[in-house]
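Student: I would like a close look at one part of this model, namely how the chain is divided and how its parts meet. Please take me through it in one connected answer.

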Amino acid sequence: MPELPEVETVKAALDDAVKGKTIHHIITSGKNMRWPIPSDLEKRINGALITHVRRRAKYILMEMKTQKQDLCLILHLGMSGSVRIYPESITDIIPKKHDHLIIGCRDSHQSGHKHGHITAVLNDPRRFGGVALIPADAVDAHPLIKNLGPEPLGNQWNGDALHAAITTRQAPIKSVLLDQHVVAGIGNIYASEALYLAGITPRRKASRISKAKANDLTRSVRQVLEKAIAAGGTSLRDHVQPGGEIGYFAQQLHVYGREGKPCHYCAKPIKMIRQSGRASFYCSQCQR
DNA sequence: ACGTTATCCTGGTGGC
DNA sequence: TGCCACCAGGATAACG
């Protein structure tokens, strides 16, 4: 499912729902995801206070405090992962097929009559996603995180930075945009969409993109990602946001999934090609 | 080093 | 309501 805008949407919903709450019960499926879910996960994070939830690239980082140390629970949604959030106790949740991690939280406050409960569920049919728990101070040096390129919505990412990163790359720009070391968070949908907005064909060799065009491309990437976040992400098939809402950005897609349909600008049929095993969509008239 | 392909999984769709 | 081939928003090991 998820590229940067979808992960951002999930992250925001999780932060809103569980920040300041305490974990009091964990259920895991016992099935391996991309790598095994730590078997001692519940033992290590029971009683932890969730301080905030943030995002790096397509990783959700749930920061928490235990009596011993600060920890970070890393979630990745892979191709098919999604999160559901319930304002109910974990004991009232009926697990669905492919639920791999269920986190029961409640208000940290003691004494009151009734705790405010929140349960967060990670569901992932294909199990390309993953769950890891590491010390909070080890996040930046972690193998999953340390080699990631810049955040496309961050201040330091601009045309010069992109141009420098791709000037030696012989692969087509579409494939290079999917390389998380070049820029972090773009996936197959938004790579095609950004290239359409920038007027660059996905077939163009990355090294042959001028500084000016690289600058256009960074602006197009930012624009499409920001609009997608504002729309709540792109919901394809049955994918939904944590509260059950669907994202509406699919209505604004110009090329992705539109093979044979008219270009929104010139009406020429959109083309589909395969690059590095992934589908790319573009308008051969508008993109050079 | 770099680019492409195969691979990990399940489920949905379209053709027959 | 069958069967089968093929497709899917990701990331990476292995290969040339």
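Predicted model: local features only at pLDDT ≥ 70, side-chain atom pairs only at ≥ 80, totals over all residues.

Tutor: Where the two domains meet, 14 residues of domain 1 are in contact with 17 residues of domain 2. On the domain 1 side, the elements that supply two or more residues are helix H1 (4–18) and strand E5 (82–86). H1 gives the most, with eight residues. Sorted by class, this side of domain 1 has eight nonpolar, two polar and four charged residues.

H6 covers residues 211–230, which makes 20 residues. From its first C-alpha to its last, H6 reaches 29 Å, close to the 28 Å expected at 1.5 Å a residue. Its buried residues are Ala-214, Leu-217, Thr-218, Val-221, Val-224, Leu-225 and Ala-228. These lie on the same side of H6, because they cover an arc of only 140 degrees around the axis. The buried residues of H6 pack against H1, helix H3 (159–166) and helix H5 (188–198). Just after H6 comes Gly-232, with a positive phi of about 85 degrees.

Two other residues deserve a look for their phi angles. Most residues other than glycine have a negative phi. Ala-57, in the loop between strand E2 (49–56) and strand E3 (59–65), has a positive phi near 55 degrees. Ala-57 counts as buried because it has 20 C-beta neighbours inside 10 Å, and 20 or more is the cut-off for buried. His-98 is not a glycine either, and its phi is positive at about 75 degrees. His-98 sits in the loop between E5 and strand E6 (99–107); E5 is one of the elements on the side of domain 1 that touches domain 2. With 16 other C-beta atoms within 10 Å, His-98 is partly exposed.

By class, the surface near DNA strand B has three nonpolar, five polar and five charged residues. For the side of domain 1 that touches domain 2, the counts were eight nonpolar, two polar and four charged.

Methods: Residues numbered from 1 in each chain as written. Chains lettered and ligands numbered in written order. Contact = placed C-beta atoms within 7 Å. Helix = DSSP H or I, 4+ residues; strand = E, 2+ residues; numbered from the N terminus. Nonpolar A, V, L, I, M, F, W, Y, C, P; charged D, E, K, R; others polar. Buried ≥ 20, exposed ≤ 12 C-beta atoms within 10 Å, placed from the backbone. Expected span 1.5 Å × (residues − 1). Arc of directions from axis to C-beta.
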